[in-house]
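Okay, everyone, thanks for coming. Let me put the model up on the screen.

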Amino acid sequence: MAATTRYHRLESLPRHEVEKLTRNTKNIRNVSVLSLGHQKSNLASLFAQSASDAGRDDGAQDTDDCDTLAKQIVQSFSVKLEAANQKKQNQNGYLLNLITDPDCPVQPQAAALSLRITDGAIIVLDAGLRIWSQAEGLLSTAILERNKVVILLDIESLLARRPSKEDLYQTLSAQIRTINAIIERSGQSLGQARIAPVVGNVAFSCLAHGWAVSLPQFAALCKKRFGMPSENLAGRLWGDSYFDSERCVWSQEAGYDGTASDRSFNAFILGPIFEIYDAYKSDGHRVQDILDTFGITLDAEQQLSGERLLQAAMHRLFPACDTILEMICTHLPSPVSAQQYRSEWLYQGPLDDEAGAGIHTCDENGPLVLYITRSMPTADDKSVYFLGRVLSGTVTADQDVRTLQGHWRSPRGGSITRTSIIAGLAALTVDSVPVGNIVAVQGKLLTSSSSQQSESEPFTITASDVATRCRDMTFMDMAALYVTAGMKDEADAPFLVLGIRSLSRSNPYINAFVNDQGQYVIHGFDELQVQTAVKELRALLGGRRIRISEPLFRYREGIKSPSEETCMARSPNKKIRLYVRASPLSEQLTKGISSGEIPTVRDSDRRTKYLANSHRPAWPPEVAEKIWSFAPLGSGPNILVDSTVAVQYVSEVRDSLTSGFQWAVHEGPLCEEPLRGVRIDVVDIVMMTDARGRGGGQLIPTMRRAVYGSVLRASPFLLEGVYAVEVHVYIEFVDVVRGILGDRRGVVFNDGLDPSGLHVMQAHIRSGQVVGLQEAIMSAAGESSYVCIWCDRWEEFEGDREALVRSMRERKGLSPAVPSWETFCGSV
């Protein structure tokens, strides 16, 4: 793209231009920026700087501050950037919504929170590091969320090592082959194309110096110089293509016809880059001479020196924003194109109902379906913005809506009072926002009457009476660490309540709440994330003394075998007898449900076919089609099955039994930890004909007790989180790190060298040994080491289970001994 491309912050435009952009759905691009390092912050800063340089248009509208952490963002744009909207003004007038997520933990599945409301993703990878588990997980998560992916390979760390041009080319080529291997394993069936430099869906960059280059961009810049179409030239800039500069001849072999020739990528792409990096420190005139070959003049910037000269020259030669924007507009879809294949993934209801059809066709005039992924507090913290994606219809102020969250549905009567577009720190108030846009709304959406609701959990807003909620998030199933908080001075308790609420609103990956024992809990993925949340909480409390517990771990309760007998529970009025039995799910099926591979709400025919083909004989078609519910929250790895035969009124009591099942799964019988991998079959129900005697008040607690009894008769056990650890260290520290991992009973399962020369180790370690591991490794191996820890899977607890259960029950205020199954129900 031309270097004269102009960018504008959305808040700098008049309102009528903003509304015009939001209605041109084909030219909207909703994009997630993903990275394991600081590169995504650098990318967001480049776009913000380009937009700031364009200035402010006359007639620009006033905006409101939308973030209590705005000071942090203003001081360092990379610290906390919730969402950035920029407008790229060319003949097509693209509206670009960039979503960067500084709070996103290292758990790759957590990136789904941003990917759910975007259609494409830019994944920025450090070309100096091998594509290990974290980067592979990030790419797989983006593909699973049906986001088209483009890759930015950042070569800053490689340039610092001063490799030869051929070595750098071979490293980049190996990284691309690895990425394509991942796509072949997980992405081609979902429509993700292989990446190829010639196509232009991968670019090479150094974002710290403000430049990026793709082969189509370079070919467009130099097509007149070479006298050939840009498509043909791009094809000759990668792979085994060589150029004899003396005879101006292309060949497919080095040294063809006995002449010296250079690989074309090395000569034409890496050549100018290496020359500028070699010359900028001592010879500014040489830098200008190199730019002259491309017809570029530095003008006033040529008086610069050092790093500033390097950045100015490289930015003029290969402007990063233009390169990235070309990849976005060419290879990432608009909402109109994306929702045709994403609707099946996004919407859990039937696609032939009015809401499903509106999502599939991206219909501006269809019923409103708005999926909210996060909340953001206002500057005074007295209200909150709900940020999400308009999947169907148009959202307007003063609109009556219904809220769908988990199994809770609000009656019609909730309302949206304000619609805004978030642009950096500003909230641009508009009258309406049509389908395909990212919007922030305020209003009476969640009430305080239901304990199942949370401002930090995703939910669906709709104006349709028949719409089903959108697909739930499953990444929180992997969150396994928490601390409890309390004030040293009880008089400060109200401030803690406000601080916990603000923390939960500002960071969707932190689950901060008050548990049933009245404790204030901060729940996250890993120790570093929880420590960061505690630091934010201390800042919010303004120096008031707070008491934080040692890190504690969440466990899961499972069963090893089917129930010894069918268990029977009686209702409080003694008029209903409920017969159930429990059996374990296979680990393959449990993982398939947790990952979203198996549909849990919509498309029961496809689910039945999948279970019958992949999990026989436990799931024949006649059993699979009678699944009532998944839990928790309708999408977790526990299943309720209707196995009754010729029982009256079953359809009338299904909702009550499902609610009791959800309650029991959320708090298991051993120590009130969630159940995992449990199948509950309702075998028989004996109930009275009078509908007044079989209401929810009778059935819900009865179902909970029946589930508890059947689980206790099925050899229950505890599961603990098994963490994956990835460590990058210099070779001289390898033995030290091995010793640290060995002392904590870690099992190293992979090691090797990455392109930067660092030694990489991957290990599995039990949850009880994780606390302090990152600090121990970095203290021993130095700050240059890189340590990444995430919860990988669940396995049976190794240790004294009875002692652990007893301590957990005492901590939760329960009796030390686990109740017997006879406490909850009787046998048949």
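This is a predicted model: local features need pLDDT of at least 70, side-chain atom pairs count only at pLDDT 80 or more; totals for chains, interfaces and linings use all residues.

Residues are numbered from 1 along each chain as its sequence is written, and side-chain values use heavy atoms, with hydrogens and water left out.

So, the patch. Lys488, Arg538, Arg545 and Arg547 gather in a patch of positive charge on the surface. For patches, we take residues with over 30% relative accessible area and no salt bridge, and join like charges within 9 Å. A salt bridge here is a side-chain nitrogen of Lys or Arg within 4 Å of a carboxyl oxygen of Asp or Glu. Arginine 545 sits in the loop between helix H17 (527-541) and strand S26 (546-548); helices are DSSP runs of H or I with at least four residues, strands are E runs of at least two.

Now the backbone. Which residues have a positive phi without being glycine? Cysteine 362 is one, at about 55°, and aspartate 398 is another, at about 60°. Cysteine 362 is in the loop between helix H15 (354-361) and strand S13 (369-377). Aspartate 398 is in the loop between strands S15 (394-396) and S16 (399-405).

Last one: the peptide bond from alanine 631 to proline 632 is cis, with omega near 0°. Proline 632 belongs to the loop between strands S31 (627-631) and S32 (638-642).

Terms used. Patches are made of residues with over 30% relative accessible area and no salt bridge: like charges are joined within 9 Å, nonpolar side chains (Val, Leu, Ile, Met, Phe, Trp, Tyr) within 5 Å. Accessible areas come from the Shrake-Rupley method with a 1.4 Å probe; for residues, only the protein chains shown count as cover. Lys and Arg count as positive and Asp and Glu as negative; His and the chain ends are not counted. The place of a charge is taken as NZ of Lys, CZ of Arg, CG of Asp or CD of Glu.
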